[in-house]
Amino acid sequence: MGFSVRLFILVMGFLVFMIIFELVRKRRFREELSLIWLVIGVGLIFSSFADRIIDPLAFKLGIKYPPALIFLIVFFLLTLTTLYFSIVLSDLKSKNKELIQKIALLEYRVNKLGQAEGRTGSINSGNRDL
Amino acid sequence: MNPYLIVIPAYNEEEFIAGVLKDTERINPEADILVVNDGSTDNTSAIARLAGAMVLDIPLNIGYGGAIQTGFRFATENGYDFVVTMDGDSQHDPHYIKNLMETMERENADVVIGSRFLEGTYKIGIAKKIGIRLFSMIARFYTGTNFTDPTSGFQLLSRKVFSYLSKADNYPLDYPDVNIIMALHKMRFRVVEAPVRMSEKSNGRSMHNGLKPVYYIMRMSLAIVMVLLRGRED
């Protein structure tokens with residue numbers, strides 16, 4: 001890998017890392033969820049030296065075109081990340097559904113209580129509600 | 001109304017909650033008790049109600065930090081002056097609440113963290129132990145005070161502090177640790193420790209050491225870096 005390519009990947013990696021880091025610092029991104037992205041950012045920074053490992057490994061695995069191995073690894077990592085966020089999303093979705101249902105039930109109870117209160121109120125103090 | 005509110009987060013503690021409430025009530029009759037039921041699937045809520053405590057049922061399990069913060073919100077809205085946080089599994093001895101109060105007055109502190117006499121009652125792996133040491137060192141360097149038990153759930157907080165922590169992102173959802181002590185120090189709150197006795201967990205699981213070591217170290221490093229980098233926010 002040439003020097004300029006290496007430098008380009010390194011700069012891009014740092015850029016991605018800094019963007020994620022700034023989002024967390026400004027509280028636009030929860031710390032708990034940002035970790036996986038920060039790890040990917042660090043991975044990108046180090047990937048500018050990845051050919052030292054990738055090339056011999058690719059040949060050992062019988063892959064004739066080493067960059068294909070990089071694509072494969074990145075593909076797996078991104079799949080895992082998406083899977084992780086899908087799990088978070090589906091957890092949120094079921095929690096959201098349950099909350100909505102509980103609010104509906106609570107609203108029904110509050111309304112019923114309000115009606116009962118209104119009735120006793122109008123008995124005690126004439127036509128207060130009207 | 002009492003000036004003190006004892007907040008007890010509980011997740012599936014039907015076995016212990018009645019005993020905890022009975023002892024706490026008997027020893028501290030001048031305090032109100034709030035059980036924050038963190039989406040338990042057992043009878044924790046019903047048992048706590050029966051024991052005469054106020055019970056706040058969180059509809060779903062949101063985790064230790066989220067449950068505690070719910071208690072802080074309740075205390076802020078209802079005008080309490082002090083909050084004591086205590087675990088619902090009989091690990092904390094309510095006799096020591098008095099110690100926390102005395103320490104707060106003597107030291108003119110805003111937060112008193114109950115630190116256990118006995119070390120090593122928890123089984124902790126080597127990686128996590130190194131992490132805990134390292135983070136305590138950073139906290140000591142930053143605050144100038146040595147905190148021996150930063151994850152302790154046995155604390156006394158003044159209104160200034162719990163109303164600050166009750167705001168949106170000022171308290172973590174998972175587990176508060178040295179990062180919160182550092183954040184409070186940055187806000188110029190006075191945080192001190194007081195010795196308390198804690199019994200070994202009767203059921204063996206801990207509310208405060210639930211994170212895996214590698215994740216814990218990364219999570220806490222990030223939290224500490226963020227505390228250091230973020231400016232003072234009011």
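Colleague: Which residues in H3(B) are buried?

Modeller: In H3(B), the buried residues are B:Tyr64, B:Ala67, B:Ile68, B:Gln69, B:Thr70, B:Gly71, B:Phe72 and B:Ala75. This is a predicted model: local features need pLDDT of at least 70, side-chain atom pairs count only at pLDDT 80 or more, and totals for chains, interfaces and linings use all residues. Residues are numbered from 1 along each chain as its sequence is written, and chains are lettered from A in the order in which they are written.

Colleague: What makes B:Ile224 count as buried?

Modeller: Set the count against the cut-off. A residue is buried if 20 or more other C-beta atoms lie within 10 Å of its own, exposed if 12 or fewer, and partly exposed in between; C-beta atoms are placed from the backbone. B:Ile224 has 20 C-beta neighbours inside 10 Å, so B:Ile224 counts as buried. Its place is in helix H8 (residues 213-229) of chain B.

Colleague: Why is B:Ser199 called partly exposed?

Modeller: B:Ser199 has 13 C-beta neighbours inside 10 Å, so it counts as partly exposed. B:Ser199 is found in the loop between strand E7 (191-196) and H8 of chain B.

Colleague: What is B:Ser199 in contact with, leaving aside its neighbours within four places in sequence?

Modeller: B:Ser199 is in contact with B:Gln91 and B:Asp93, with those neighbours left aside. Two residues are in contact if their C-beta atoms, placed from the backbone, lie within 7 Å.

Colleague: And which residues does B:Ile224 touch, not counting residues up to four places away in sequence?

Modeller: On that count, B:Ile224 touches B:Phe135, B:Ile138, B:Val178, B:Asn179 and B:Met182.

Colleague: Back to H3(B). What makes the span of helix H3 (residues 64-77) of chain B agree with 1.5 Å a residue?

Modeller: The expected span of a helix is 1.5 Å times one less than its number of residues. The 14 residues of H3(B) should span 20 Å, and the end C-alpha atoms are 20 Å apart, so the two agree. Helices (H or I, at least four residues) and strands (E, at least two) are DSSP runs, numbered from the N terminus.

Colleague: What do the buried residues of H3(B) pack against?

Modeller: They pack against strands E1 (4-10), E2 (31-38), E3 (54-58) and E4 (82-85) and helix H6 (159-165) of chain B. Just after H3(B), B:Gly79 takes a positive phi of about 75 degrees.

Colleague: How many residues does each chain give to the contact?

Modeller: Chain A gives 10 residues and chain B gives 12 residues. H4(A) gives the most to the side of chain A that touches chain B, with 4 residues.
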